[in-house]
Amino acid sequence: MPNLEIHQFPCLSDNYGVLIHDAENNLTASIDAPEASAVKQALAEKGWTLTHILTTHYHADHTGGNLELKGETGCTIVGPRAEADRVPGIDVLLGDGDSYDFGAFTAKVFDTPGHTAGHITYWFPKASLCFAGDTLFTLGCGRVFEGDAQTMWTSLSKIRALPPETVVYSGHEYTQSNAAFALTVEPGNAALQARAQEISEMRAKGEPTVPTTLSRELETNVFLRPDSAEIRTNLGMEDAEDYEVFGAVRAAKDNA
Ligand code: ZN
Ligand code: FE
């Protein structure tokens, strides 16, 4: 089976950039392009030549490098159809249900609106990889800027339904504050307690907490757990719909 190599690197203040490389076909994609200089440095370190940018959403900290990188490499920029007018240099427009072939690997595309109205998520089933942008974070989720709780919950539910072994990459290192918040929402979750401890140790050593696995998120990410009896009891929402519980958790984090 062909191998998809991955290289993650920090950039800007708290973003992550990711390169994926299909050596057999000599293809390299940047998942989003937070800033051209950091992406170019990462490419140089690996000795890879950029052929694609896979954009999750239009925010400047995800597209700021697009035009410079395209100008220098002629790479193909792939991104959300619903945000085509806001993604600099976009060539290929994708939306829910589309597939995009990247060498030996195929990305399945989901619309995951809420953080932005046109946000998309890329899932590579053969490689068990998901690039969730600013929709799902390690122990967190993106702020809902362009949509309501129900919209965002529907988007998160699509990611939640992927195989649990899926490795999930996301755009930011926000995990330590996410863990502290999560413990206020579901303090009796033993898996979360252990994970918060582990995350403190990782961050103290400067280690990234991205990527994560979906199985770990299902156990510990309070934004994916509106069906938790403890969370519902703590919020006084025993009989609410999942999206309503999710919305209350998101609102509490926004106001924390
Ligand atoms: Zn964003
Ligand atoms: Fe972002």
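Author: Setting aside neighbours within four places in sequence, L162 is in contact with F110, W123, C130 and L214, where contact means heavy atoms within 4.5 Å. Before going further, a word on the basis: this is a predicted model, in which local features need pLDDT of at least 70 and side-chain atom pairs count only at pLDDT 80 or more, while totals for chains, interfaces and linings use all residues. Residues are numbered from 1 along each chain as its sequence is written, chains are lettered from A and ligands numbered from 1 in the order in which they are written, and side-chain values use heavy atoms, with hydrogens and water left out.

L162 also belongs to the largest nonpolar core, which has 30 residues. Such a core is a set of buried Ala, Val, Leu, Ile, Met, Phe, Trp, Tyr and Cys residues joined through side-chain atoms within 4.5 Å; buried means under 20% relative accessible area, with exposed over 50% and partly exposed in between, using a 1.4 Å probe and protein chains only. The members that touch the most others are L136, L156, L162, V222, F223, F246 and V249. At least two residues of this core come from each of α4 (149-160), α5 (175-185), α6 (190-204) and α9 (242-254). These helices are DSSP runs of H or I with at least four residues, strands being runs of E with at least two, and both are numbered from the N terminus. Domain 1 (4-169) and domain 2 (175-254) each contribute residues, so the core lies between them. There is also a second, separate core of 22 residues, with L54, V78, L94 and F124 among its members.

Now to the domains themselves. Their bounds come from an automatic or database domain assignment, which gives 4-169 for domain 1 and 175-254 for domain 2. Their C-alpha centres lie 24 Å apart. Across the boundary, 25 residues of domain 1 are in contact with 29 residues of domain 2. The two domains bury about 2400 Å² between them, with 66% of that on carbon and sulfur atoms. Here buried area is the accessible area (1.4 Å probe) that two parts lose on being put together, summed over both. On the domain 1 side, T138, L139 and R160 lose the most area to domain 2, together accounting for 34% of what that side buries.
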